[in-house]
Structures are given as structure tokens and as C-alpha cells.
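User: I have a model open and want a quick walk through it. Can you start with how the elements are named?

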Amino acid sequence: MVTTAPYGTWPSPIDAALAASHDGRPEFVATVGDEVWWTEPRPAEGGRRALVRCRADGTTEPALPAPWNARSRVIEYGGQPWAGAERSEGGPLIVFVHFDDQRLYAFEPDSSRAPWPLTPVSDVGDGLRWADPQLRPVRTESGAQGEVWCVMEEFTGDSPTDVRRVIVAVPLDGTAADDRSRVRELSDDRHRFVTGPKISHDRRRAAWIAWDHPQMPWDGTVAMVADITDEDTFTGVHPLVGDIDESVCQVEWDRDGSLLFVSDVSGWWELQRIRPDAPEGAVVPSSRLCGGRSEEFGGPMWRIGLRWFRLLDNGLIAVIHGKGTTRLGVLDPETGELADVAGPWTAWAETLAVQDTRVIGIAASPHTAAEVVELDTADGHTRIIGAHHRDAVDPGYYSRPQERTFTGPDGREIHAHVHPPHHPSHVGPEGEKAPYVIWAHGGPTGHAPLVLDLEIAYFTSRGIGVAVVNYGGSTGYGRAYRERLREQWGVVDVEDCAAVAEALAAEGAADRDRLAVRGGSAGGWTTAASLTGTDVYACGTIMYPILDLAGWATGETHDFESQYLESLVGLIDEVPERYRERSPMYLTGRLTAPFLLLQGLDDVICPPVQCERFLTELEGRGIPHAYLAFEGESHGFRRVDTLVRALEAELSLYAQTFGIDRPDVPRLELTK
């Protein structure tokens, strides 16, 4: 029986606790011998990342008990936090970064020995950090000998920008745990940022990616190469490809000594090949490898150690590619033929592993959360081997999203995913239009995938629509789309979100008087800028935002993004007025809509001091609002109790603003 009830009032079994328990996705998949390993979120365990092991017989188990937390803080967003190798005797040897102290540890999962530290602690600044490790090689059949080659991030002072990053070798015997001098530095300080080294098959060469301020890695990077001496040091270090206006996001060695890399020199991230011994510029045209398809074969390096392609032993290449949505394909580099994997998946994470004829990745769809998927290229068969999606509720409560392209100012395209209200037994009254929330993703050089998200279903199953906007500046649509935001942050993103909201209202899907906007990080900026710069929205949810451009550009963020605003806004010395004119901090006089402000108190990327100053500027203006600050949370929320409180508070804000009765959630106290 179908019940007619006002939008926003529908009952739903998807409560905040259920949505919170499914927050996050598996990451950083790799093989260790015949086994597959990855990290998984544990919201109920303080938000730690667990290291999970899938044995050769298909059984899956956590490899590290709580409180071990496999997560790196290099560049704050982290990167590949672990590596492993199978020894001829004694089982696997695993190294990982423990989040709490950021030390690199080793452990033998098949022994009773507890993990032992490999790296020291430093009390300078924010200490020593490690990422993107690989074992090189484990030379004995028992015990832990050999080295870990990885990125070391070292703070040299108390400022967040007093930092250096180099490629290093850490001994596996633990002798560097109390002696920094035992860590061998392989690269020099010529670049501010580096990735971990990729070693050629003959073990005589290394390649890595490097870049410098003010470029971000999606603006301009170079692929560096070096010869490896008999003493395991680097010599002959030099750039091979890349530039300040060309983004190289991955490098891998082929067995013939050539280097495969992904570059956006054509305007799209595409797979190319170069021989380091060939004359300068001898790059195989991109059409030889991926056919000039006007789609992405790479993405933004927000973290160190991401992988969009892997080489198989038979010469084929597993690739993640697409425009907007992403697919897993198998590329024949000789013919350019690309065969896509059949299946429902619309978003493959930027992590791949290969073994023999198998390719392992992490994928999700509009109807399934992220799972660990294995493809056997020998027969084309796929199967789920880990993090199996299981519907916690009847999938009839999930919305049926639509991939849409809207028209914005000047006729420009705006990509978005629209999730209409949906319930298996409730509909809205005839003639009533649904309330909608516009979601602005973070980054802003990021992308919102088309996948099942129980936070979205939390709203849509109650009769509140959600539109997730990949505004100008988002990745997945080529460099030109990405660069629409150059010096236009706070303009293009705000206009694009508003255009989607107004289009939904004009076509009768959304109630123009019941529109909200929400976002976190850069999406929090877009939300705040939308509330202070437009009259489109009735309210908004601002999460761990940037609110003051000048403050953020002059010491109120971490090193990685400390010069990001030069491309997003302009040079502060040249356009100081722009930094003030766009900052919500100084536009509170224009603010009329109620809002919810959510912040982690340990956030060093978007620090709470900006929220506190914003609220001070707002005092006495009579705007209903609430500020929830969470101890132990940093940039993005990971703990179940935080996620539940934040989601219920957000629903209460919309209910109060839109005139919806929701007695099933605690009432959010709004102050003026």
C-alpha cells in the first residue's frame, strides 16, 4: 500500500547510526604472494583503518587488531601506508605506518611477534612521517633484513611549512628506530614534494614524481629518473617528462626498460611510453596506447601512491578510465584495443593490484558500496573477494540517481548526480515539490562519484532530494573543465551549484523555497560562499570549511595546500582585495539563512580558528545557527558518534527550516 505524505516526513529504516557504520571505503589494495591485502575503515573503532588480509583460499580476516591504525599523514592527506612481501620461509613480512605516532612498523602476520618500530620519533614540528613504502628486497629466508624504500616527510621547525620530503631507505632490522642517522637519503632536496620510487625490473633504475610550490600535482609535475648504483644509492638524477603546466600522475617500468606514465599534456590524463635512453622527446604518441579517447586515464594526486594502471605479465595493461564515471579496462598497448570489464560499477578507486592474469581493484555502483573486485583476464570472469556489499535495509529505500548535465552561465556544461526522493511505500502529495539539498564536494580539485552513499539515502528515503554537483574545477572531465576554477574559486563553483538548484526548481523537481546547500572542506567554502553570495538557499550545512582566504594563505593551513590559492584566487600580493571580497568571513552582513557549522578540533588543514572568527563576526546579527565542534576529529569525520551527531543535526536543521516534523531526531538548538 502506498501512503501519501509530505516530502521530508517519510519514515525510514536508514538511521544515522546505520549510515555512520557504513562510512568510508576500502583503500590501497596490493598483493603479497598469492594473497590480497587492503585497508578498511572502522568507524566503530575510533575511525581507525584496519589492515585486512584475503588468503589464497578466499578467507578474509583482519591482519592487525585495534588499536593499530594503518594510515599515513604525509602531506596530511596521506598515501599508501603499507607494503608487503612473501618470503620463501616464514610467511609474509608487512610494513605499515601507524597513525598515532606516524612511525613505520614491521610485523610478521604468521608469527606471535608484535609489530616492531623501524623509524624514530622526532619532536621537531610535527615529527617524521612516512608513505608509499616498498620492500627492497628481503634477502634472507628468516628474520627481517633488507630495506624499505619510501617517502620521508621531515619537519625542520615549528611552522607547518618548515618541512622537507625525500626518498629514503629504512633498514628492516629496526636499527633506525632510535637512530635517525641510520635512515639513508636517496634523493636530494631539489623538489618540495616526491612520491615513492618505482624500481625497474632489472633493479638498476628508479623513477618517481616530483613537483614544487606553487604548482599542485594536477597543475604541473615531472617524472624523475635515476640509476641505482651497486651500493644502492641514486646517481644521474634528472627529469624525464613533465613540466610546470603538465601533470604526470603515475609512472611504472615495463619489462623492456621503457617507462609508462600518465600525462595530461593532451588535455586529458592519458597513458604514454618513453624510453629513458631514447633521444629527448621520444614519446610514443598517446594514440598508440589509449587512442585519444577524450577521457581520463588518471586523476589528481591528493595522496601519495595512487595507481590508475598496472602492467600484467602478458604485456597487457589494466587501466581505470572514463569521463565522469570510471571503468576498469584491459588495454593492449600494441593495438590500442581496450576491453572494458562487464559489470555494474560506475566508480573504480585509484588503486590496482595485479598477479599473473588477475587484476584486483576497488569499485562501487549506485546500488552497491565499494567492494574489492577481482578480474581474471584469462577468462573475463569477475568476483567479489572482499568488503562484500550487503544491503542493511531493503534496497527499495535507495534513490535511483540520474547522471545529468545542466547548463550554467555562458552556456557552460555542469555535471551533476541527481538523487530524487524515493521510498518503497511513500509518495509526496500531488502538486507538492520536494525539498532539495545541493552537495558541493571537497577539493575543490576533486570529483563526486556516482555510487551508493547511505548519507544520501538517509535524506532521500525521508523525502528530501540530493543533487551532487561536479562544478567547474572538478576532475574527470579533462584539464579545460578543471581549469575553469583558475582564479575563479568562490565564483564558478558557487554559480554552478546555484544553476543546478535553480534548474531543478524550474523543471518542477525541487521546491524553490526549500533549497539547502552543504559541503565539507572546499565544499564547506562553497557552501559558505553560496550563503553569503546568493539568495538561492534557505539554509546550509558548512563542514570543516575555509572561511578566510587571507588567513588560509598566510599560515593557517598545512604545507601541501599553503600556496594552492595562487591558482584558485590569484597572488595575494597582486589581488589582496579579491581575498577579502570573496571570503565569507567578511560577508556575514549578507548572511540571512540559518546554518549548521561542523568542525573537528584537531583539524590542521582547515583549522577551527577560522570557524571561531566567523562566529565572532556574526555576533549580534540574529542569524539562527549552531556550531558543533568535535574533540579527536581532524579533517573529515571518522568516528561513529561524530558521524551520527552531525547527520542528525543536519536533518534537524532542514526540518526546522523547511517546516517538517521530525520527532525521530534530537532537535538542534539554534542560537542567534
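Analyst: Helices (H or I, at least four residues) and strands (E, at least two) are DSSP runs, numbered from the N terminus. This is a predicted model, where local features need pLDDT of at least 70 and side-chain atom pairs count only at pLDDT 80 or more, while totals for chains, interfaces and linings use all residues. Residues are numbered from 1 along each chain as its sequence is written, and side-chain values use heavy atoms, with hydrogens and water left out.

User: OK. Where does His213 lie?

Analyst: In the loop between strand S16 (205-211) and strand S17 (222-228).

User: Is His213 buried or exposed?

Analyst: Buried means under 20% relative accessible area, exposed over 50%, and partly exposed in between (1.4 Å probe, protein chains only). His213 has a relative accessible area of 18%, so it counts as buried.

User: What is His213 in contact with?

Analyst: Contact means heavy atoms within 4.5 Å. Leaving aside neighbours within four places in sequence, His213 touches Arg192, Phe193, Asp559, Phe560, Ser562 and Gln563.

User: And what about the peptide bond from His213 to Pro214?

Analyst: That bond is cis, with omega near 5 degrees. Pro214 sits in the loop between S16 and S17. Another cis peptide bond joins Gly443 and Pro444, with omega of about 0 degrees. Pro444 is in the loop between S34 and helix H3 (454-460).

User: Why flag those?

Analyst: Most residues other than glycine have a negative phi, and most peptide bonds are trans.

User: Then which residues have a positive phi although they are not glycine?

Analyst: Phe28 has one of about 50 degrees, and Arg203 has one of about 65 degrees. Phe28 lies in strand S2 (residues 27-32). Its relative accessible area is 5%, so Phe28 is buried. Arg203 lies in the loop between strand S15 (198-199) and S16. At 42% relative accessibility, Arg203 is partly exposed.

User: One more histidine. Where is His191?

Analyst: In the loop between strand S13 (184-185) and strand S14 (193-194). His191 is buried at 14% relative accessible area. Leaving aside neighbours within four places in sequence, its contacts are Arg165, Ala210, Trp211, Asp212, Val222 and Met224.

User: New topic: the largest nonpolar core. Which residues touch the most other members?

Analyst: A nonpolar core is a set of buried Ala, Val, Leu, Ile, Met, Phe, Trp, Tyr and Cys residues joined through side-chain atoms within 4.5 Å. The largest has 124 residues, and Ile438, Trp489, Tyr537 and Phe595 touch the most other members. Helix H5 (residues 492-506) gives the most to this core, with 8 residues. A second, separate core has 43 residues, including Tyr398, Ile464, Leu596 and Ala649.

User: What does Phe595 touch?

Analyst: Leaving aside neighbours within four places in sequence, its contacts include Leu531, Ile542, Phe614, Leu653 and Leu670.

User: Back to H5. How many of its residues are buried?

Analyst: 11 of 15, so H5 is mostly covered. Among the buried ones are Val492, Cys497, Val500 and Leu504. The buried residues of H5 pack against several elements, including strand S31 (402-407), strand S34 (434-440) and helix H6 (522-533).

User: At what angle do H5 and H6 pack?

Analyst: About 75 degrees, with the axes 9 Å apart. Axes are lines fitted to C-alpha atoms, for helices over the stretch in contact, and angles run from 0 to 180 degrees between N-to-C directions. Under 35 degrees is roughly parallel, over 145 roughly antiparallel, 65 to 115 roughly perpendicular and the rest oblique. So H5 is roughly perpendicular to H6.

User: Which residues make that contact?

Analyst: Asp493, Val494 and Cys497 from H5, and Trp525, Thr526, Ala529 and Ser530 from H6.

User: Last one: H11. How many of its residues are buried?

Analyst: 14 of 19, so H11 is mostly covered too. H11 covers residues 640-658 and reaches 27 Å from its first C-alpha to its last, close to the 27 Å expected. Just after H11, Gly659 takes a positive phi of about 75 degrees.

Conventions. Expected span 1.5 Å × (residues − 1).
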